[in-house]
Amino acid sequence: MYRLNITLILLFLTLNAQSEVYWSQGSKENRDGANFIFSDASAKLLWRRQLGDWIDRNGELYGNAAFSITHVQDLDTARKVSLDLTSLVKYWIKNPDSYHGVYLKEESGKGTTVFESSEVKSLEPPHLTIQTSQNETKTYKVTRDTALSTTSHRSLGHDEQLLVGSNTPALIAIDDKFLTLDSTEIMHARLNLTTTTKQFGDTQIGVFAIAPLQAPGEIERGIAWDYPADQNLAEHPDVIIAEQFNAQRGLFNSSANTDWQSHLDDTSGYNKYRIVDTTYDSDRFKPLDGSALQIEFNQKTNYGFTGHYRFKNLMGHEPEQMYFRYYLRFGDNWRPTDGGKLPGFAGTYNTAGWGGRAVDGYNGWSARGLFFLEASSNSTFEGAIPLGNYVYHPDSNTNYGENVSWNSALNLLQKNRWYAIEQYLKLNDPDKSNGQLTVWIDGKKVLDKTDFRFRKTDQLKIENLWLNFYHGGIDKPRSTFYLYIDNLVIAKRYIGPMKMNHQ
Ligand SMILES: [Ca+2]
Ligand SMILES: [Ca+2]
């Protein structure tokens, strides 16, 4: 009975988290919530289109059919404005998973109406009222509100003004308890707002629904699926390296060493790592498949680990396209104070493409992985770790690399969990912007970018897989923390997640 209750509670929490409003107001200090680019800047979740994603009353993404339209006159007086939400509330009750708040759009393209936001201490803050067929009036609070403007990268969710103007939509989330009402008993639903005394022209405010996040794709299985626990995967003709970081217990060697380093070049003296056995029980470690490689970050250096799998050594030449997959687990004590680097393909040729050594298309390129700081406390995804790529390419307009976040609900990694991270990189034709970078997490695609220009000459190839784990930036870690990797595979074909022995 006790167990059942726990299961039910967990189920409830999971369901609740899925339907939670995903965009955020951000923290007051960092203003890292929704802006015109991100729905949640601290979680690195992008809108599909700048200025936010909405659906219309036909359920169509970016459709024109508003749930209602309200004409608001410019009178420069503080007064109440009620927007008709009746059909939208009924739509949400019918489709509760699509509930992510109201999207208010100025339809005339002329004016801007300024409302008081829920940050204003007022007797009548923004709220929803629903009138039922029993003649009851139910009231629901606005829980977060913000505007998106191309003039600000800082999120506006903590402002006391809520703007609705051309190119300035407003987002409003409401206490979602109304979702349990019977929609046939709803007579009217109204969103009640108060204008400030300064208005900027008449507006036509269209009511739309904020679009849900894009649903992740299906799991794609690759060559690893035929080799349970990656056993003998190295024998597949398309596999270059299949490393399991498993302890070898030889006659004279009882320590947990493997020959995994023999394939790597340029490993650094700063490296801090060890093979941890299945019995390792600190840092909430749980093995994925036998022992794993633990990489330590500490206050002495930015380096966790660095080394190169050089294709010239591994296969006799440098390829133009390649896949790699590894399993990654952030430890319980994972506490970086800056973002940092993770493994990725590179062709720096010891010349350009890292550390501010700018690339020009002829001297080098790189596309390492990237971890960001965890999503902030005001985020729906608080504590989750977003990943991305840090790409040195000649079109980045900086001496440094460009952050490319893997924009997906799946790209919000939890600590103490193993994830399969796979990346495919195909170099562009030297005269075209058709370079490809595709990324999968646990076999589901989270990035598919096909317009990179990594190089302007075919002299640059994929020189290596850069096994790089680096804190920063510049700042060194302020404490000791770990990540773990296992089951690293480099191959000419899509590898896919590992088939566990019990699957
Ligand atoms: Ca607000
Ligand atoms: Ca292993």
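**Exercise 1.** Find which residues valine 489 touches, leaving out residues up to four places away in sequence.

*Solution.* Start from the meaning of contact, which requires that the C-beta atoms of two residues, placed from the backbone, lie within 7 Å. With those neighbours in sequence set aside, valine 489 touches Ala224, Asp230, Leu233, Val239, Ile241, Ala242, Phe324, Arg325 and Ile495. This is a predicted model, in which local features need pLDDT of at least 70, side-chain atom pairs count only at pLDDT 80 or more, and totals for chains, interfaces and linings use all residues. Residues are numbered from 1 along each chain as its sequence is written, while chains are lettered from A and ligands numbered from 1 in the order in which they are written.

**Exercise 2.** Decide whether valine 489 is buried or exposed.

*Solution.* A residue counts as buried if 20 or more other C-beta atoms, placed from the backbone, lie within 10 Å of its own, as exposed if 12 or fewer do, and as partly exposed in between. Valine 489 has 28 other C-beta atoms within 10 Å and is therefore buried. In the protein chain as a whole, buried residues make up 43% of the 503 residues.

**Exercise 3.** Work out how far valine 489 lies from phenylalanine 67, in sequence and in space.

*Solution.* Along the sequence, the two residues are 422 residues apart, and in space their C-alpha atoms are 51 Å apart. Turning to the domains, whose bounds come from an automatic or database domain assignment, the protein chain has domain 1 (51-210) and domain 2 (223-491). The centres of these two domains, taken over C-alpha atoms, are separated by 43 Å.
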